[in-house]
Amino acid sequence: MNEEKLVSIIIPVYNCGAYLEKCLNSVKKQSYQCIEIIVVNDGSTDESLDIINRYAQNDDVIVIEQENQGVSAARNRGIERARGEYLLFLDGDDYIGEDYVRTLVETAEKNKADLVIGGCTMVDAEDRVIRRLVPEGYKRDTQEEWVYRLSSVWSHLYRKKAWVESRIKFATGVRGEDLPVALFFNYTCKSIAILQTAEYYYVQHSDSAMGRAHGLRSFQLPMEAVRDVMEKVHDIEVHNSREFLEYGVLKAFAMFLFDLGRGADWQIIERLCHETEDIVFQYFPEYWKNPKCRWKSGIDMPFEVKGAVWLLVKLMQFHVLKPFMWLYCRIT
């Protein structure tokens, strides 16, 4: 690269003092130094703010403080402040490899990409590797699985211009706030590239977001935000595969119902069933015809994901989603 492009690294922080120093150290040690670090303290009540201020004294760190409003509001504040050509999101309890930013930027520049999808390594609180996810490839219209297998915003690099032009924001007050944003950019970005590394380290611990989401008693899912995205993509030029977008939405709804919904009260699941069918029937009225939803479609997805999507399609097609989920609630 002849000229290094500024990357804005946005780090939302809420009570992750036990992990924050490792996170910030991993950013400080990046081999690519044309970065701005934006840390948004979302009303932490532990030692997180002290750690942030200590780093801000010695390094060029932009610190934003706000009352506790959630990770979505924190990320939105960070985006508003960002000056970089690229945006990168890093949660305050995760960390990144030394060459992570450099390889993402090089991939973006080489491919003139608006979005680069990297892999991730899931580790526990003691840094023991649980699982590695390394994307295997991307080809518009025919090989888009990995952008929907990694439907998050961390482990991705975004060209900021795409955010400015779309005016998209993270939905506040919900869990799974990444999903609608990821769906939107997966479908609309003109150029997407894959980075076949797993240098984003996603730390799974008892207080992590997904660890506290099962049963859906304390959290709202981003169903209205998904609906808003579906409305938004109808008003813009189509760029990528509609079938893959449809599959990505069905995959997310299957996870909400069959995974996060385990142990939930029937009233919560009944409402989720209604919202699922309402969105699918309105925006994908011929969903059961999608060849990627077939049991033996050949799509590059884990067996359990393919099975869950196939099951959801069949339950909706034969109008038995609610009775099935009523029984599911009582045996899980």
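**Helix packing**

The axes of helix α8 (residues 223-234) and α9 come within 12 Å and cross at roughly 175°. An angle over 145 degrees counts as roughly antiparallel. α8 and α9 are therefore roughly antiparallel to each other. This is a predicted model.

Now the residues in that contact. α8 brings Met223, Val226, Met230, Val233 and His234. They meet Arg242, Leu245, Val249, Phe253 and Phe256 of α9. Sorted by class, the contact of α8 with α9 has eight nonpolar residues, one polar and one charged.

α9 (242-260) also has a part in covering another helix, α12. Which residues of α12 (residues 321-331) are buried? They are Leu321, Met325, Tyr328 and Cys329. These residues cover an arc of only 100° around the axis, which puts them on the same side of α12. What covers them includes α9, along with α10 (266-283) and α11 (303-317).

Strands come next. An open sheet of four strands runs in the order β5-β11-β7-β8, and its pairing is mixed. The edge strands are β5 (95-96) and β8 (129-133), and each pairs on one side only. Strand β7 (residues 120-124) and β8 run antiparallel, joined by four bridges. Thr121 has its bridge partner in β8: Arg132.

To recap the helices: α9 meets α8 through residues including Leu245 and Phe253, and α9 is among the elements that cover the buried residues of α12.

Key:
Residues numbered from 1 in each chain as written. Predicted model: local features only at pLDDT ≥ 70, side-chain atom pairs only at ≥ 80, totals over all residues. Heavy atoms only, no water. Buried < 20%, exposed > 50% of the residue type's maximum accessible area, 1.4 Å probe, protein only. Helix = DSSP H or I, 4+ residues; strand = E, 2+ residues; numbered from the N terminus. Arc of directions from axis to C-beta. Contact = heavy atoms within 4.5 Å. Pairing = 2+ DSSP bridges. Axes fitted to C-alpha atoms, helices over the stretch in contact; angles between N-to-C directions. Parallel < 35°, antiparallel > 145°, perpendicular 65-115°, else oblique. Nonpolar A, V, L, I, M, F, W, Y, C, P; charged D, E, K, R; others polar.
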